[in-house]
2 protein chains.
Amino acid sequence: QIDHFGFDENRTFQQRYLVADQYWKKDNGPILFYTGNEGDITWFCNNTGFMWDVAEELNAMLVFAEHRYYGESLPFGNESFSDSKHLNYLTSEQALADFAVLVEYLKRTIAGAQDSPVIAIGGSYGGMLAAWFRMKYPHVVVGALAASAPIWQFGDLVPCGTFFSIVTNDFKKSGTGCSESIRNSWNAINHLSSTDIGLQWLSNTFHLCSPLKNLQDAAVLKNWLSETWVNLAMVNYPYKADFLQPLPAWPIQEVCKFLKDPSLSDKLLLQNVFQAVNLYYNYTGEAPCLDVSQTATKSLGEMGWYYQACTEMVMPLCTDGVHDMFEPQKWDFDALSEECYRMWGVRPRLSWILSMYGGKNISSHSNIIFSNGGLDPWSAGGVTQNITNSLVAVVIPDGAHHLDLRSRNPLDPKSVQQARALEICLMKQWIGKARHSH
Amino acid sequence: QIDHFGFDENRTFQQRYLVADQYWKKDNGPILFYTGNEGDITWFCNNTGFMWDVAEELNAMLVFAEHRYYGESLPFGNESFSDSKHLNYLTSEQALADFAVLVEYLKRTIAGAQDSPVIAIGGSYGGMLAAWFRMKYPHVVVGALAASAPIWQFGDLVPCGTFFSIVTNDFKKSGTGCSESIRNSWNAINHLSSTDIGLQWLSNTFHLCSPLKNLQDAAVLKNWLSETWVNLAMVNYPYKADFLQPLPAWPIQEVCKFLKDPSLSDKLLLQNVFQAVNLYYNYTGEAPCLDVSQTATKSLGEMGWYYQACTEMVMPLCTDGVHDMFEPQKWDFDALSEECYRMWGVRPRLSWILSMYGGKNISSHSNIIFSNGGLDPWSAGGVTQNITNSLVAVVIPDGAHHLDLRSRNPLDPKSVQQARALEICLMKQWIGKARHSH
C-alpha cells in the first residue's frame, strides 16, 4: 500500500525483502527482522553479520526488509523523487506500517512461521525504526535490538553540541595534535580561499575533481571535510573494514599520523589534511581525484534521507569550536526550514517525532535493547542508561557506529563481545517468553 | 495539522474542544480527556455525566475533544465531504494524532498542567479511540477507560452474528412473543410490499413522511426497522433518557407491550410494529410523520461515519434468522467494497485495523479498562474478560451502551454502580503511580 494512512491513494508498490532460512527451525523458529534504513537493503544485509552469526544458534530465519524510497523499493519508480507529491509517502510511520504488513504476510504465507516470534533488529536510523516498531506494533514484534539509534537526537532532548564533541574526542585520543590540527585547518582554508590563487592551490592540493571557484565552493570543501571527520568517527572500527569506505583498522589513528603538528603554516597543515582525507577516500589507491559531493558509499540514498531530514527527522546539531574541533555553527531551525522549502516545497515539523514516539517518556514500553558505541557520535542522542528492566542500555566503550551488528572478528574488543552476548541472552528470553505464552 | 502523516498538505484546521476546570486542582491535578467520536462534541459532553460526577472527587479538569470531520471540526469547512480527496484525512490515526498534539498543547499552555496525568475516556467508537490512544501514545495518557468499545468487531476476531443475537435476546427477555413478532414482521412486509396497494397500506400504517413506491423502498423500510431495534437495544436504559431519542425507562419493555402476539395476521402484526417503532420515534408525540432516512439524533455525523465504515472501520455483521430475529443476511465484503467505491471512490481495507491496533494480541499494553454492558449489542466485539492485571474487563450485565459513562441516577442498577466504583479506583491508581514516578 503506497499510503497506509489514507484511502484516496489506493495503489500499491513492490517492496524488496531478502530471506535466509537455512538455519530456521520450521516449527515456529524465531524470525530476526532487519528494519531497513536509508539505503540499498543488500548493502545492509552484507554489513549486518551479527544476524548471520546468531542465526544458527537461535534457529532463526533472517529477513531484511528494504525501506520504501530506497534501493529498489521505489513507490513511483523513477518519479519517486520528482516532487513533494511523490515524496509524500516517505515517512517513518509509513515504513513501520510496511514492516508490520510484511511480517504479517510472511507469517501467514510461510509454512511453520505462523507463531514464530519476531525480533526487530536495526542500526542507526534503522535502529530507531526497530525501537519504534516495538513501541508501536508490540503485537508484531516481541522485542527490538536498536543499535546506535539516536532516538533522542530530536527537539531539545539532548544538547546539540555533544555529537561533534564526541567526534573531536575520538581524534584527540587517537594522536597528539590531531584534533588541534583539524581545528586550525578551517582558518587555513579561509585564508587561502580568499584569493583565486589560493582557491587553485586548494583544488590542486586536495586533488579535487572539480576546482573551487569561489567562497561558496570553499564552504562546500569545509563541509565535506567535516563530514569526512564525522564519518571516520562512525567507522572507527578495530579491524580493516569496508562500510562507508574501505579503510584500515582504527582508521582515525592512521589519519592522525598525518596530523601531528597543529602549528604548521597554512599550506603545510592543509597538505597534511589532504593526506588524512586521502586515506579515507583513497585507501585502495584507485581514486583519480576526490569528489566533494560524495562522502560515503553510494548504497545510501542521499536524496531520500535529505527529504526525511527536511520533514520528520529534524536532528539539531551545533558546534562551538571550543568543545569541538569544528567551525562554530549554531543550530538554526529557520534556515533549515527555508532551505527545505526551497528544495522540496515542504517544511520540517520540529516536534512531531516527539509527539509520535514519546521523546524521553517511553518507560511503559518493553523489550528493547538500546546499544551504543562510546566512539560513535550518534551515541549523543542514544539511550545509554537502562530505563526499566526491559528497556536495556548496552554501552560499548570501544565501539564505533553499531559495531555490535557487524560480524564477529578476532580483533573485536572484549566490550563488543560482551554486548553481543547480552543481546543474544535477552533475545532468547523474549523468544522463550513468547513461546511460553502460546 | 490536516495531515499528520505527510508533509505535502501543510495546512491546519481549527479543532473544537471544551474545557471545564472548576474542579481542577491547579497543581498538576489530573485531566480527564474525552476522545470524541462520530458526532458533535457538545452532545457527547452532555451525555457523559460520569466525567462530571467524578471531576470533584478526582480534582480533575475535563476536556472534551471533538473528532475531526464531526461537529464544527471540519478540516475543509463545507467542502470536507465533497470527495475522496477532501475526506482523505478522516481516519482514526489522524484523530489520535490530533488528540496527542492537543493534550501536549494543553499541558504546555495551561499553567499548572505541565505534569498533570491525563486519562483518556470514551464510549463506543470513542471508547476504541481511548483504548488505542493509550496503546499508541502511552507517553501522552497514563490510562484509558474504553466504554462499550467493540475493538474486536473486526476481521474474523468474533462471530459476525453475535451482535444481532444480543439484540434479539434483549427483546426476547423483555416480553413474551416480542422477538417472535419482529421475526415474523419481515415476511409480513414482504407479502404486503409485493403489490402497490400493499405498499400504500404500509406507508399509511407506518405514517411515513414519503410513501413507499417499490420493492427497493420496502427494503429501506426493513433496514430502518432493523436499525430501530438495534438502537433500542443500545439505549435500553433503566430510566427515562434522551440519548439517540427521548425514551421512557427500559424502552424495550415498553415496545414489547405492543408485540405480544406473533401469530397475528400480517396487517395486525404490522400495526403493532408501528406502535412499537412509534414509541421510539415519537415518544414526545411531536413527530407529524416517520422518516425512514433517520434513526437517531442528528448530532451524530452520519456522512463521516459512513465514510469511515467504508475505509478503516469495517465491522463484519450478519444475521441468520435463527439465532436472531432478523432476515438472514450473510456478511458480504465484496458488496460493501462495491458500494463504497460507488459512493466515495474508495475501497475498504479489511485487515488494516488489525495490523494497526493488534487485534487480540494486545497483552503488552497496560492501564486500559474495557467496560461493556450485557444488554449492549456492541459487547459482542468488546473485551469482556481480563487480558492482564492492567487490561481489565468490567462487565455490567444490566447495562446497555456505555451506561457507565452516563450520570449517576437513582434507578441505576447495582452492577453499574459497582462498575463505576472500580473504574474510579483504577483511575486513582494510575494517577497515583504517575504522580509517584514524577
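Predicted model: local features only at pLDDT ≥ 70, side-chain atom pairs only at ≥ 80, totals over all residues.
The domain assignment divides chain A into domain 1, made up of residues 17-154 and 352-436, and domain 2, which covers residues 169-282. Taken over C-alpha atoms, the centres of domain 1 and domain 2 of chain A are 33 Å apart. Contact between these domains of chain A involves 17 residues of domain 1 and 15 residues of domain 2. About 1300 Å² is buried between domain 1 and domain 2 of chain A, and carbon and sulfur atoms account for 65% of this area. On the side of domain 1 of chain A, the residues that lose the most area to domain 2 are A:W43, A:L375 and A:R406, which together give 37% of what that side buries. Zero salt bridges are counted between domain 1 and domain 2 of chain A.

Chain A and chain B each contribute 37 residues to the contact between them. The area buried between chain A and chain B is about 3300 Å², with 51% of it on carbon and sulfur atoms. In chain A, the residues A:F5, A:F7 and A:R349 lose the most area to chain B, and together they make up 26% of what that side buries. Two salt bridges are found across the interface of chain A and chain B. The side chains of A:K85 and B:D8 form a salt bridge, with an N to O distance of 2.8 Å.

On the surface, B:Y17, B:V19 and B:Y105 form a nonpolar patch with about 250 Å² of accessible area together. Of these residues, B:V19 belongs to strand β1 of chain B, residues 17-20. B:V19 counts as partly exposed because its relative accessibility is 42%, and partly exposed residues fall between under 20% (buried) and over 50% (exposed).

Methods. Residues numbered from 1 in each chain as written. Chains lettered and ligands numbered in written order. Heavy atoms only, no water. Patch = residues over 30% accessible without salt bridge, like charges linked within 9 Å, V, L, I, M, F, W, Y side chains within 5 Å. Areas by Shrake-Rupley, 256 points an atom, 1.4 Å probe, with all protein chains shown as cover. Salt bridge = Lys/Arg side-chain N within 4 Å of Asp/Glu carboxyl O. Helix = DSSP H or I, 4+ residues; strand = E, 2+ residues; numbered from the N terminus. Buried < 20%, exposed > 50% of the residue type's maximum accessible area, 1.4 Å probe, protein only. Domains from an automatic or database assignment. Contact = heavy atoms within 4.5 Å. Buried area = accessible area lost by both parts, 1.4 Å probe.
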